[in-house]
Amino acid sequence: MTKSPAQDPSNAAPLHEQIYARIRASIRQGQLKPGQRVPSLRAFAGELGVARGTVQVAYERLLGEGYLIARGPAGTFVSEQIAPSRPHRVAAAAGSSRTPPNQELTEFSIETEGGIPAPLQLGLPALDEFPRKLWTRLMARQVRSAGSLTRPASAGFGPLREALAAYLQRSRGIDAQPHQVFVVPAYTASLALIVDALRLAGESAWVEDPSYPPTAQSLRRLNLQVRNVPVDDHGLDVDFGCQHFPEARLAVVTPSHQSPTGVALTLQRRVELLDWAGERGAWIIEDDYDGEFRYRGHPLPALKSLDTCDRVIYCGTLSKVLYPGLRLAYVVVPQSLVPTMDLACRRTVHGGCPELLQAVAAEFIAQGHFARHIKRMRTLYARRRAMLAEALAPYKTDGFTVCLQDGGMHLLVDVRDDLDDLAMARRAREAGFAVHSLTAWRQGAPGRRGLMMGFTNLRSQTEADRLVAELMRALKA
Ligand SMILES: Cc1ncc(COP(=O)(O)O)c(C=O)c1O
């Protein structure tokens with residue numbers, strides 16, 4: 001930590017505020033680490049050559065905001081709850097105001113370094129609540145059994161396929177046998193496998209607009225023509241797709257909570273979409289990335305549960321319920337596609353996902369821990385979501401309106417029309433926040449502006465209030 005704020009002649013702020021700002025910056029930038037002891041009042045005041053009371057005012061503010069924790073005679077420590085923010089590699093790459101929106105799509109792929117989520121990071125489950133002890137116990141048991149040291153099956157580890165089929169039947173209303181479930185390393189690998197198996201390269205595909213950027217990016221890389229179909233309050237505008245892009249052979253949708261707006265595809269639209277696919281002989285990819293997390297009423301059944309014509313290919317991931325570092329996702333296909341998918345797996349998947357992790361995940365699901373964990377996270381996320389919404393509420397008059405949907409793992413904050421959400425997200429990332437703009441996730445015509453913020457890793461209302469206040473300062477800077 002820099003120890004001479006009193007010597008900055010260009011800084012007109014009172015001394016205690018300068019000291020406060022320096023310590024806070026040292027914590028946020030990681031020079032002072034979580035759990036590290038800070039100097040005593042007397043020692044620090046002596047080093048700075050200022051009165052003890054001046055340092056005390058700064059420390060008290062940091063204690064009040066949760067940066068520091070007083071542990072009586074043991075001293076004062078940096079809170080373990082504070083994740084240092086660091087300038088993300090992608091933030092620097094996307095730093096130019098001339099960055100076109102589609103280049104800024106890289107923003108979604110912010111990686112967590114050292115396992116610490118960036119403030120308000122999207123797309124992560126609550127990493128602090130992952131049952132590590134239980135997971136370690138299951139992992140140790142698998143390591144001791146020789147079975148999981150063999151070469152994995154390309155379509156997935158049998159017991160995991162069984163556990164997933166049973167879970168999907170119970171929780172998502174999907175009627176599928178284990179051999180219809182294919183295990184892959186990630187959602188984008190699911191897309192590659194499906195496009196390869198169904199020989200869809202060269203065809204055109206409806207993609208929701210706005211949407212999760214990797215969907216359109218992956219489809220383009222796989223040689224499909226992306227056709228942007230707008231999303232309204234009922235989800236994908238099927239009529240628009242039929243009128244403008246009747247030639248499409250594929251539609252990729254997020255029916256439970258549209259990514260990123262959070263709206264659910266209404267029953268009428270679901271039926272229209274299934275009818276379109278049935279009549280056209282087209283395929284629907286259902287990306288059910290976080291369907292489990294709904295806070296009002298029950299989770300909606302998957303679109304796949306209505307699929308009487310066998311046109312829906314269901315994609316799920318363990319990234320949202322367990323953790324993204326696991327790299328396990330899955331595809332469920334109609335019975336008629338099983339032989340084709342088997343072949344494509346052998347061509348594309350090159351040896352499958354690590355069997356040890358598949359075996360641990362299988363046991364975790366089969367023993368009921370998965371369902372219990374989802375239930376616990378649903379309650380926790382409802383609380384953490386309310387904290388973020390409450391922290392944002394005072395900023396409505398500044399043009400930020402929280403748009404609460406029934407489910408999902410992030411909040412969408414509508415931003416007043418005269419504010420530039422793209423520039424705001426850039427400023428936020430420069431300040432260390434993993435906040436995304438709605439505009440960067442849009443492929444077609446400009447429209448509604450907004451910011452997306454993750455709430456799953458917020459631990460207290462104090463933390464939510466502090467982060468939002470800091471974010472707002474960064475946005476207004
Ligand atoms: C809309 C959407 N689909 C799918 C995924 C899953 O991706 P993966 O399986 O690569 O973790 C995510 C992750 O953030 C997502 O937001």
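**Ligand surroundings and salt bridges in a predicted model**

The side chain of Y212 places an N or O atom 3.4 Å from an oxygen atom of the ligand, a polar contact being a pair of N or O atoms within 3.5 Å; within protein, one atom must be able to donate a hydrogen and the other to accept it, and residues adjacent in sequence count only if both atoms are side-chain atoms. The model is predicted, so that local features need pLDDT of at least 70 and side-chain atom pairs count only at pLDDT 80 or more, whereas totals for chains, interfaces and linings use all residues. Residues are numbered from 1 along each chain as its sequence is written, and side-chain values use heavy atoms, with hydrogens and water left out.

Across the whole structure, 17 salt bridges are found, each defined as a side-chain nitrogen of Lys or Arg within 4 Å of a carboxyl oxygen of Asp or Glu. In one of them, R347 pairs with D196, and the closest N and O atoms are 3.1 Å apart. R347 is partly exposed at a relative accessible area of 37%, and D196 is likewise partly exposed at 23%, where buried means under 20%, exposed over 50% and partly exposed in between (1.4 Å probe, protein chains only).
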